[in-house]
Amino acid sequence: MEDGTRGNSQEDGERSRLLVSRKDSVKCGTSSMANAYFNFTNSIIGSGLIGLPFSLAQAGLPLGMLLLFLVALITDYSIILLIKGGKLSGTHSYQALVHGTFGFVGFMILSVLQFLYPFIAMISYNIITGDTMTKVFQTIPGVGSGSFLSSRHFVIVISTVFFTGPLSLYRDVAQLGKVSLVSMVLTLAIVITVVVRAVTLGPQIPLSQDAWVFARWNAVQAVGVMAFAFICHHNSFMIYESLPEPSLRNWSCVTHGSVGSAALVSAVFAVAGYATFTGFTQGDIFENYCKNDILATFGRFCYGLSIITTFPLECFVTREVVSNVFYNGALSNTVHIIVTLAIISAVTAISLFYDCLGVVLELNGVVSATPLIFIIPSACFLKLSGGNWFQRKRLIPGLILTIGVCVMIIGLVMTALYAQDCSHGAEMFYCKITDSSGPTFSTDSRVLQSINATQNISIF
């Protein structure tokens, strides 16, 4: 019996060393506060940004904006809640926190979710790269629709081999700080582009039915897209540990700054994009712009580069999950390269065969992002903090947990029943050009009021 007990104790000790970091083993990171801010903001403003105008088309502009800021507030609160949970349990990773709180079953559920979210995000990044950069290349004289530069498959493979692949092979997230700064500058250029076109192009686009209605009945689907846009919890512990002095105060500063900046950028982008195209807004907002729109082409180019520089952050997370689950949290140089190449190859293969971005954003938001933002951080804190459910400190986490479960269930059902029609590569009806001054509109535009028809059913 003693031998059996001793053997179990040794096994538990090995698992503890794998999943639970000792309180006295905390090491200062190599990243500055500024680099941590850039990395964290960059991880929030990813492919989800491009779908936010579509989320307003789903929810209605006023309600959509309220939901957008609500999701941002919950994101900010739950990120800090996550680190507090880590301190309560003496853990220093999302997986270790959940394992210490809910055991091996919880650990495996989180591992699947934490792998799926960035994995699907990387697929969406490749879809965006293929969609945007091909249209950019088609503006080059001599590059026609039959050119290899117009092939989304060629563009995805080239960007993977020469850009996202090599950047993803880095081992330290702090090394991506400058790359993330570049990505943020590009994002600012994209927002300016969309705002300018809202002013110059918006008045020429006919309004859809009930364009300014307060709310639409499928607003829950919009929450899924917004959750996808704001999810960054899978990066939280990694960036927290990269701080020169990992403390709750420093982390709160980084979190408030990053989430606040992302919320501001997201709101401006979403309103400008939706105001331009109203109910005709697509899951990829750049699919709404005409191919010969020069300013939109510049925006596509900036966004394509921004996505390429964001891709490695998500690859870091997927690789960390694989490392923790299968390799005891430590990868040799050879295994590091093999695992990274395997992940990138799988992502590339899927993105070459599937290209409907709107569905990808909705499903990833509902299935992966919602549990990671709303449900798991709150559940961990509630269990670790103890005490009565009606204590003041437990009321908000309990409310967020309840909202998360409702959004996940309802959103999944509605996404399955009312999936977005994918119009990949199709020119919109208003892109019939008669001269260089701008688009003219087909007399058949009334037929196109049925585009995204489920969005046009208003509540009030």
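D210 lies in the loop between α7 and α8 (219–230). Helices here are DSSP runs of H or I with at least four residues, strands are runs of E with at least two, and both are numbered from the N terminus. The backbone at D210 has a positive phi of about 55°, although D210 is not a glycine. With a relative accessible area of 34%, D210 is partly exposed. On that scale buried is under 20% relative accessible area, exposed is over 50%, and partly exposed is in between, using a 1.4 Å probe and protein chains only.

Before I go on, the ground rules. This is a predicted model, in which local features need pLDDT of at least 70 and side-chain atom pairs count only at pLDDT 80 or more, while totals for chains, interfaces and linings use all residues. Residues are numbered from 1 along each chain as its sequence is written, and side-chain values use heavy atoms, with hydrogens and water left out.

Now the chain as a whole. There are 14 helices and two strands. Of the 460 residues in the chain, 57% are buried. Contact means heavy atoms within 4.5 Å. If we take contacts between residues at least 6 apart in sequence, 85% of them join residues at least 24 apart.

T278 sits in the loop between α10 (248–277) and α11 (294–326). Is T278 buried or exposed? T278 counts as buried, because its relative accessibility is 1%.

Next, one helix pair. Two packed helices are described by the angle between their axes and the distance between the axes. Helix α6 (residues 152–168) packs against helix α12 (residues 333–353) at an angle of about 160°, and their axes are 11 Å apart. That angle makes α6 roughly antiparallel to α12. The axes are lines fitted to C-alpha atoms, for helices over the stretch in contact, with angles from 0 to 180 degrees between N-to-C directions. Under 35 degrees is roughly parallel, over 145 roughly antiparallel, 65 to 115 roughly perpendicular, and the rest oblique. The contact is made on the α6 side by R152, H153, I156, V157, T160, T164, G165 and S168, and on the α12 side by T340, I344, T348, S351 and L352. By class, that is four nonpolar, eight polar and one charged residues. Nonpolar covers Ala, Val, Leu, Ile, Met, Phe, Trp, Tyr, Cys and Pro; charged covers Asp, Glu, Lys and Arg; the others, Gly among them, are polar.

T187 is in helix α7 (residues 177–200), and at 5% relative accessibility T187 counts as buried. Which side chain does T187 join in a polar contact of 3.3 Å? The partner is S306. A polar contact is a pair of N or O atoms within 3.5 Å; within protein, one must be able to donate a hydrogen and the other to accept it, and residues adjacent in sequence count only if both atoms are side-chain atoms.

H233 belongs to helix α9 (residues 233–241) and counts as buried at 0% relative accessibility. The side chain of H233 makes a polar contact of 2.7 Å with the side chain of S78. Beyond four places in sequence, H233 touches residues including T75, Y94 and P377. The C-alpha atoms of H233 and P377 are 8.9 Å apart.

Last, G365 in helix α13 (residues 357–385) is buried too, at 0%. G365 and Y117 are 248 residues apart in sequence, but 8.2 Å apart in space, C-alpha to C-alpha.
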